[in-house]
Amino acid sequence: MNPVPNPDFRAGLAALIGRTNAGKSTLINALVDAKVAIVSPKPQTTRHAVQGVVHRPEGQIVFVDTPGFFKTTRSHLVDRLHGRARAALAGIDVVIHVADPSRAMGEEDAMVLEVLAPITIPKILCLTKLDIPDLKFREPWLELAADYHATIELSALTGRNVDTLVDAVLPLMPPGPALYEAGDQTNAHRDFRVTEIIREKIYLLTGDEVPYRTAVQLDHIRERNEKQAGDFLHVKAIVLVAEDRYKGMLIGAGGRKIKEIGIAARPDVETLLGQKIYLELAVRVDARLPD
Ligand SMILES: Nc1nc2c(ncn2[C@@H]2O[C@H](COP(=O)(O)OP(=O)(O)OP(=O)(O)O)[C@@H](O)[C@H]2O)c(=O)[nH]1
Ligand SMILES: [Mg+2]
């Protein structure tokens, strides 16, 4: 027998918007309690508006992670990412402005405030990184609190007050049926998540512009054939680089760098797939980089 629908159930979308590195992706992972988005200290890690779902008996919140606003030399990638962040605001019920009170307010924050100014749906100011001692720039943010429906201070790293954010957002969701089935964590598909994990390790382990001239494509995920030992999946991914010179940087002397990337990615991919894997990474030059 189907459970009786709860007439008070609420469900909707809440977008996480903020400058690059503010901690949006770390926060969505803390909210969902799973790695649905990749995280790195480098700017513009997130390239796609990935959704993460929080299930509560009284409702469901679909959080939308977005690419962060980044002030740099204009490029197609930066323009496209800003476009995606703005587009993610369409059809949203609540905006969560994620800000980092450990860094001075700057041009990137001004860009975010400008994007958010005309928005009339409820806005929540979320100051994250509360675990950092002596947050120097907390006060100037708190002075803006009157412009927001609520202000929440939390740490996505330790989990402190993450539930407070959920409690604040839930009553702002419109009444209606769940958008995702029970247990669903994200709209991101398995293959995309595998390539994202590899991209995260490239962000963490390579320098300069390499991560920005790189994309990852999945070739296959397959059972290993009988001659090969163990109950392993064979995962093969292609790391595409825009120019030949990045190929050498990614592979590294004696193949050490690409090996390091593979070693770092494997446990996360195994957690995602729920199985041991053999991870093969090939590097290929492709001037027409997809993203
Ligand atoms: N100490 C501390 N560091 C955090 C916290 N949240 C995020 N960080 C760090 O901040 C950096 C950026 O985190 P991300 O979650 O990738 O930031 P983002 O806003 O998604 O960045 P983009 O995808 O570039 O827009 C990483 O080094 C994180 O580890 C936090 O609550 N506390
Ligand atoms: Mg991000």
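**Ligand, salt bridge and backbone**

Q: Which residues are closest to ligand 1, and how many surround it?
A: In this predicted model, 23 residues surround ligand 1, and Thr20, Lys24, Thr26, Thr46 and Asp131 are the closest. A residue counts if one of its heavy atoms lies within 4 Å of the ligand.

Q: What makes the pair of Asp131 and ligand 1 a polar contact?
A: A polar side-chain atom of Asp131 is 2.7 Å from a nitrogen atom of ligand 1. The cut-off is 3.5 Å between N or O atoms, so the pair qualifies.

Q: What backbone atoms lie 2.9 Å from an oxygen atom of ligand 1?
A: A polar backbone atom of Gly23 does, and so does a backbone N or O atom of Gln44. Both distances are within 3.5 Å, therefore both are polar contacts. The protein buries 88% of the 650 Å² that ligand 1 exposes when taken alone.

Q: Which pocket does ligand 1 take up?
A: The space that ligand 1 takes is the largest pocket.

Q: How many residues of each class are in the shell around ligand 1?
A: The shell has 12 polar, 7 nonpolar and 4 charged residues. Gly is counted as polar in this scheme.

Q: Why is the pair of Asp163 and Arg56 called a salt bridge?
A: Their side chains meet at 3.4 Å, N to O. The limit is 4 Å from a side-chain nitrogen of Lys or Arg to a carboxyl oxygen of Asp or Glu, so the pair passes. A search of the whole structure finds 23 salt bridges.

Q: What parts of the chain does the pair of Asp163 and Arg56 link?
A: Asp163 is in helix H5 (residues 162-169) and Arg56 is in strand S2 (residues 51-56). The two are 107 residues apart, and the pair links distant parts of the chain.

Q: Why is the positive phi of Asn21 worth noting?
A: Most residues other than glycine have a negative phi. Asn21 is not a glycine, yet its phi is about 75°. Asn21 sits in the loop between strand S1 (10-17) and helix H1 (24-32).

Q: Where is Asp33 found, and what is its phi?
A: Asp33 is in the loop between H1 and S2. Its phi is near 65°, a positive value in a residue other than glycine.

Key: Residues numbered from 1 in each chain as written. Chains lettered and ligands numbered in written order. Predicted model: local features only at pLDDT ≥ 70, side-chain atom pairs only at ≥ 80, totals over all residues. Heavy atoms only, no water. Polar contact = N/O pair within 3.5 Å; in protein donor to acceptor, adjacent residues only side chain to side chain. Areas by Shrake-Rupley, 256 points an atom, 1.4 Å probe, with all protein chains shown as cover. 1 Å grid on protein atoms, 1.4 Å probe; cavity = no way out; pocket = protein on both sides within 12 Å on 5 of 7 lines; lining within 4 Å. Sits in = over half its atoms within 2 Å of the grid points. Helix = DSSP H or I, 4+ residues; strand = E, 2+ residues; numbered from the N terminus.
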